[in-house]
Amino acid sequence: MRGLDYKWLEALDAVVEQQSFERAAEHLYISQSAVSQRIKQLEKWLAQPALVRESPPRPTPVGKKLLGLYRRVRLLENELVPEFMDEGNLPPLSISIATNADSLATWLLPAISEVMSSRKVELNLVIHGEGRTIEKIKSGEVSGAISLESQPISGCSADYLGRMDYVCVASPEFYQRYFCEGVNYSTLTKAPAVSYDQYDDLHKKFLHDHFNVPRDSVINHTVGSSEAFVKLARSGVAYCLIPRLQIVDELSSGVLIDITPGFLLSYRIYWHHWQLESGILKDLSQAILSFARNNLPQ
């Protein structure tokens, strides 16, 4: 029986990455019919589809697993090849990381800046909620993920990074408008809040756990940007749960105030990465772990 041909996986990866058969053919410098034929051969070998042929094409569950395998093999090759060739003639090593928006807005970029500037690497930072990033490393779409999950998946390590402490804040003007009678069940149900997206349950959990406010009884805007959270709070249109690390200056200057002193929402975050790392991947993990442990509450 013929084994798995990595040219099939290369074609599958190109179609998914380029979002069309035509662009995949241009990327691989082969004909479009050759791309189609390679994927058909893969699906014949699998005895099931690897690709959902819609616009844009997307991998099936088994296709995702194969892409994860292919991308891991490609990374390992890219780590090994420079030992035998002139590194200056090689393309940059492409590495994808799944991160939550709050880590990206606060500590992650300073943590990896040295690796980005000193090594030949091309980083793709994929942003998802803290509870969803682990799925990206499970599927093989990324090489590392910042997650709330403490248990590693097979073949990976989960190293503790530190805490993300969230403070419930508003502008002084907003506080006077909505909370002049105090922060309680009644006033909280009338004040507009902000969440990251439809999957972000952080604010609703905070209200429910500390004030018994039903999860769907508040005005809740959604905005997919941690930086926009700060701008919305400063502008006085909503109150927000924001990492304390992100608003140290605003709190000290009084531009934002902690409207629920004594109430803090904390999450322990972990760095999930492959156990067998070397080269740039190992340097990246060490940089993330070292910076986080020196700058995040432990």
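Buried means under 20% relative accessible area and exposed means over 50%, with partly exposed in between (1.4 Å probe, protein chains only). Keep that handy for the exercises below.

This is a predicted model, where local features need pLDDT of at least 70 and side-chain atom pairs count only at pLDDT 80 or more, while totals for chains, interfaces and linings use all residues. Residues are numbered from 1 along each chain as its sequence is written, and side-chain values use heavy atoms, with hydrogens and water left out.

**Exercise 1. Work out whether Cys-168 is buried or exposed, and how far its sulfur is from the closest cysteine sulfur.**

Step 1: Look at the accessibility. Cys-168 has a relative accessible area of 1%, so Cys-168 is buried.

Step 2: The cut-off for a disulfide is a pair of cysteine sulfur atoms within 2.5 Å.

Step 3: Count up. By that rule there are zero disulfides.

Step 4: Check one other cysteine. Cys-156 is buried too, at 4% relative accessibility.

**Exercise 2. Find which aromatic pairs involve Tyr-160 and Tyr-166, and describe their geometry.**

Step 1: Rings of Phe, Tyr and Trp (its six-membered ring) pair if their centres lie within 6.5 Å; planes under 30 degrees apart are stacked, over 60 edge-to-face, and the rest tilted. The count by this rule is 10 aromatic pairs.

Step 2: Take Tyr-160. Its ring pairs with Tyr-270 in a tilted arrangement, 5.5 Å centre to centre with 55° between the planes. Tyr-160 sits in strand S6 (residues 156-170) and Tyr-270 in strand S11 (residues 265-274), so this pair ties together parts that are 110 residues apart in sequence. Strands here are DSSP runs of E with at least two residues, helices are runs of H or I with at least four, and both are numbered from the N terminus. Tyr-160 and Tyr-270 are both buried.

Step 3: Take Tyr-166. Its ring centre is 6.4 Å from that of Tyr-267 and the planes meet at 75°, so this pair is edge-to-face. Again distant parts of the chain are linked, with Tyr-166 in S6 and Tyr-267 in S11, 101 residues apart. Tyr-166 is buried at 1%.

Step 4: Look over the face of Tyr-160. Arg-268 lies there, 4.1 Å from the ring centre. (For a charge over a ring, NZ of Lys or CZ of Arg must be within 6 Å of the ring centre and within 35 degrees of the ring normal.)

**Exercise 3. Say where Ile-242 lies and which residues it is in contact with.**

Step 1: Ile-242 belongs to strand S9 (residues 240-243), and at 0% relative accessibility Ile-242 is buried.

Step 2: List the contacts, meaning heavy atoms within 4.5 Å. Beyond its neighbours within four places in sequence, Ile-242 touches residues including Tyr-166, Val-167, Phe-229 and Ile-247.

**Exercise 4. Work out which residues of H3 make the contact with H1, then look at Arg-38.**

Step 1: Name the H3 side. Val-35, Arg-38, Ile-39, Gln-41, Leu-42 and Trp-45 make the contact.

Step 2: Name the H1 side. Among its residues in the contact are Lys-7, Trp-8 and Val-15.

Step 3: Zoom in on Arg-38. This H3 residue is buried at 18%. Leaving aside neighbours within four places in sequence, Arg-38 is in contact with Lys-7, Trp-8, Glu-10, Ala-11 and Ile-30.
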